[in-house]
Amino acid sequence: MEAEALLPPGADVVDLGAFHGTAGHYLAARGHHVDSVEKNQAYIEDGHKIARTLGAVALGNRFIHGDMRTWEPQQAYDGALAIRSLQLVLKDESVEVIKKMKRIVTPGGLNVIKAYIASPEQQRVKSDRGLFDEEELQEIYSRSGWEIIRYKTTGIRPLSPWTDTEGNNGTSVSSSAELIAREVQRAGHRQTLLNQVDYYMRADPEYAELLREQAEAA
């Protein structure tokens, strides 16, 4: 809800690892256009069932059968989401997904992530999961010059034990972090170019048009 309030009207958003498309349905009901990328066809079918139940408000949520690690967009987006999906791939793969999220948004676009965090020891136990240190996500974005709008964690909690119906035992990670970050470097560069367009519009219209094209491509 907090991230949605920061999007422009009718925003284009991509949800990587969308599961049943819950985030996409929410955003579509508020007038946004969402590409929900999910590799599990069963989840997509469930998402379609939910969409039929919701009716017209879900029309803006388009499901795409694809793996967030290898899927490449055909457009730029105003926002990119990864809600509880990064833990489902290896750590280095999750980092590559984040790089993609940063790359595919427009100048001033948002990245919204809810990911699981763990201590170094817990990460060794759960080495098949994309888990982060407590402040790691914040550092990834701040080092890249992004504006951190929200960063909140639960703190590092102990692993939670569980037993399934067949008596098998295991543990799960219950610590998480929430991040909303905005790309500002390209946005600032684009605004600088647009300001120059206004300055040169009368004196040199051809150069002003060139600057406008550069701003649109920024």
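Which side chain meets Lys114 in a salt bridge? It is Glu178, at 3.5 Å, N to O. A salt bridge here is a side-chain nitrogen of Lys or Arg within 4 Å of a carboxyl oxygen of Asp or Glu.

Before I go on, the ground rules. This is a predicted model, where local features need pLDDT of at least 70 and side-chain atom pairs count only at pLDDT 80 or more, while totals for chains, interfaces and linings use all residues. Residues are numbered from 1 along each chain as its sequence is written, and side-chain values use heavy atoms, leaving out hydrogens and water.

Back to the pair. Lys114 sits in strand S5 (105-116) and Glu178 in strand S9 (176-182), so this bridge ties together parts 64 residues apart in sequence. Helices (H or I, at least four residues) and strands (E, at least two) are DSSP runs, numbered from the N terminus. Glu178 is partly exposed, at 24% relative accessibility. Buried means under 20% relative accessible area, exposed over 50%, and partly exposed in between, with a 1.4 Å probe and protein chains only.

Next, Glu2 and Arg150. Their side chains form a salt bridge at 3.3 Å, N to O. Glu2 is in the segment before S1, Arg150 is in strand S6 (147-153), and 148 residues separate them. Glu2 has a relative accessible area of 39%; Arg150 has 24%. Both pairs belong to one network: Glu2, Lys114, Arg150 and Glu178 are linked by salt bridges.

Asp67 is buried at 18%. Arg69 is partly exposed at 32%.

Now a charge without a partner. Asp15, in strand S1 (12-16), is buried yet has no salt bridge. The nearest side chain of opposite charge is Arg84, 10 Å away. Lys and Arg count as positive, Asp and Glu as negative; His and chain ends are not counted. Beyond neighbours within four places in sequence, the contacts of Asp15 (heavy atoms within 4.5 Å) include Asp35, Ser36 and Leu81.

Last, the surface. Patches take residues with over 30% relative accessible area and no salt bridge, joining like charges within 9 Å and nonpolar side chains (Val, Leu, Ile, Met, Phe, Trp, Tyr) within 5 Å. Asp133, Glu134, Glu135 and Glu139 form a negative patch. Asp133 lies in the loop between helix H4 (120-125) and helix H5 (136-143). Ile50, Leu54 and Val57 make a nonpolar patch of about 220 Å². Ile50 is in helix H2 (41-54).

Notes: Accessible areas come from the Shrake-Rupley method with a 1.4 Å probe; for residues, only the protein chains shown count as cover. The place of a charge is taken as NZ of Lys, CZ of Arg, CG of Asp or CD of Glu.
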